[in-house]
Amino acid sequence: MIISKRRRWLLLAVVSAGLLLITLDNSILYAALPTLVEDLGASSSEGLWIINAYPVVMAGLLLGSGTLGDRVGHRRMFVIGLAVFGAASLVAAFSTTPEALIAARAFLAVGAAAMMPATLALIRVTFDDERERNMAIAVWGTMAVVGSALGPIISGILLQHFWWGSVFIINVPVVVAATVATLVLAPPNDPDPSKQWDLTSSLLALVALVGLVLAIKETAKADPAPVVIAAAVLATTAGGWAFARRQRRLTYPLLDFAIFRNRAFLAGVLAAGFAISGIQLVTTQRFQLVEGFTPLRAGFLVAAVALGAFPTAMLGGAVLHKVGLLPLITGGLALGAVGTVLVLMNFSTSMGLLVTGLIITGSGLGAAMSVASSAIMGNVPARRAGMASSVEEVSYEFGGLIAVALLGSLLTAVHSATIDLPAGVSDRARDSLDSALALAGEGAGAHTALIRAASEAFDGAYLAVMVVVAAALTVGALVTGVLLRRHGPGSALSGPAHH
């Protein structure tokens, strides 16, 4: 079916709106977390699970939902995902306990996992021309960065006027509008019943991911439980091994390991997802808790990442066919590392240099992410678009998931280990900066000294996190530089690199 140019680009706007919702909900709680923790009485561990339940479940289900989309049709999957996402948003908005909100966030992830591969797969089957498709995927990739940056700003605006549940309520009207537009604009549903969907594989992937996150969080605690760590590592190892073994035996595996020939693209997306999520999470926390920023002001601060990413993501898609992958992916990650170093050197001394560093970081990551997506999608047939888009998105989500689990836990661990508590202050102040500030607010005798000690320890923890992010981007640049050294212009694999 030939789709008119106007309708193609309108459909791109609709699926980009869906992606915007998904990525908004990944980051919308970064700025709202201190408010949520206070209102729901959540512990620091529960606070991280409120954020992490979403990417954990989404990453676990994404591979399966991509193949399921190939089987039942991507238009149908997108509409089903929108409906689940809208319903889950209402449940999350009216949660009254940390446990209920964690469950609602997991429910949200089911809708997001159904929608996300469909957004990219619909682009793949709608845009036949390579240059036009590269441009469309660049727009799509830019929406991922913009949504991630808008999350803290939108939550900041809403928290100034409404209760925290409003950050979920706003999804509902967008879901309704996107559903109507999809039914009008999307090409007819094109299912392929020959594709086999394997629920067991999805569940094994989910077990491995939950085990990994649990192991990271428990290891970072001041008093880790060896039994919990051992059980989590066992679940990760067993789940991962069983998943890989099952894929090799299936006629239609959820994950075709041949796609990992695109190691450079996956490394680029993984590193970019890790850096963006990590920087946004810890920076919004630091400037609210240490500097006293409002959620809105903290949101605007981390939006500097998107400000840098938007033009380079668009430009990357436009020039990819001329300059090739190496300067855009490797150069983008290297530029991101330079920006991160600028941030970690100036976060407590110069707001101007801090913002400049965030913009430079975003500029590099925007270019790397958009063209990595184009390259992955440009090297599979349209009939495998769902599986390929799932792999691309799992890479980004996995990067973000590890960032929140690892860097969030590192932040807490360094703070707990380095805080120099004033005499007579409860050891509970070691748990987190939130706990220390709450104790100081209760009128502890040495409250001024406690606030100073806690803030200094948190700044040390922030520095440690940013060093890890800079190191991850540097390693990503080196790895992709080696893997992409023989690639020429365009997004297609060619020549010696296609082994």
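**Close-up views of a predicted model**

View 1. Thr361 is part of helix α13, which spans residues 351-378. The model shown here and in the other views is predicted. Thr361 counts as buried because its relative accessibility is 0%. A polar atom of the Thr361 side chain lies 2.8 Å from the backbone oxygen of Gly357. When neighbours within four places in sequence are left aside, the residues in contact with Thr361 are Ile279, Gly336, Gly339 and Thr340.

**View 2. The aromatic pair of Phe287 and Phe293.** Three aromatic pairs are found in a search of the whole structure. In one of them, Phe287 and Phe293 form a tilted pair, with 5.2 Å from centre to centre and 50 degrees between the planes. Phe287 and Phe293 are both buried.

**View 3. The aromatic pair of Phe347 and Tyr462.** The ring centres of Phe347 and Tyr462 are 4.7 Å apart and the planes stand at 55 degrees, so this pair is also tilted. The pair links distant parts of the chain, 115 residues apart: Phe347 sits in the loop between α12 (325-346) and α13, and Tyr462 in helix α16 (residues 447-483). Both residues, Phe347 and Tyr462, are buried.

View 4. Phe162 counts as exposed because its relative accessibility is 52%, and the cut-off for exposed is over 50%.

Definitions and conventions:
Residues numbered from 1 in each chain as written. Predicted model: local features only at pLDDT ≥ 70, side-chain atom pairs only at ≥ 80, totals over all residues. Heavy atoms only, no water. Buried < 20%, exposed > 50% of the residue type's maximum accessible area, 1.4 Å probe, protein only. Helix = DSSP H or I, 4+ residues; strand = E, 2+ residues; numbered from the N terminus. Polar contact = N/O pair within 3.5 Å; in protein donor to acceptor, adjacent residues only side chain to side chain. Contact = heavy atoms within 4.5 Å. Phe/Tyr/Trp six-rings, centres within 6.5 Å; stacked < 30°, edge-to-face > 60°.
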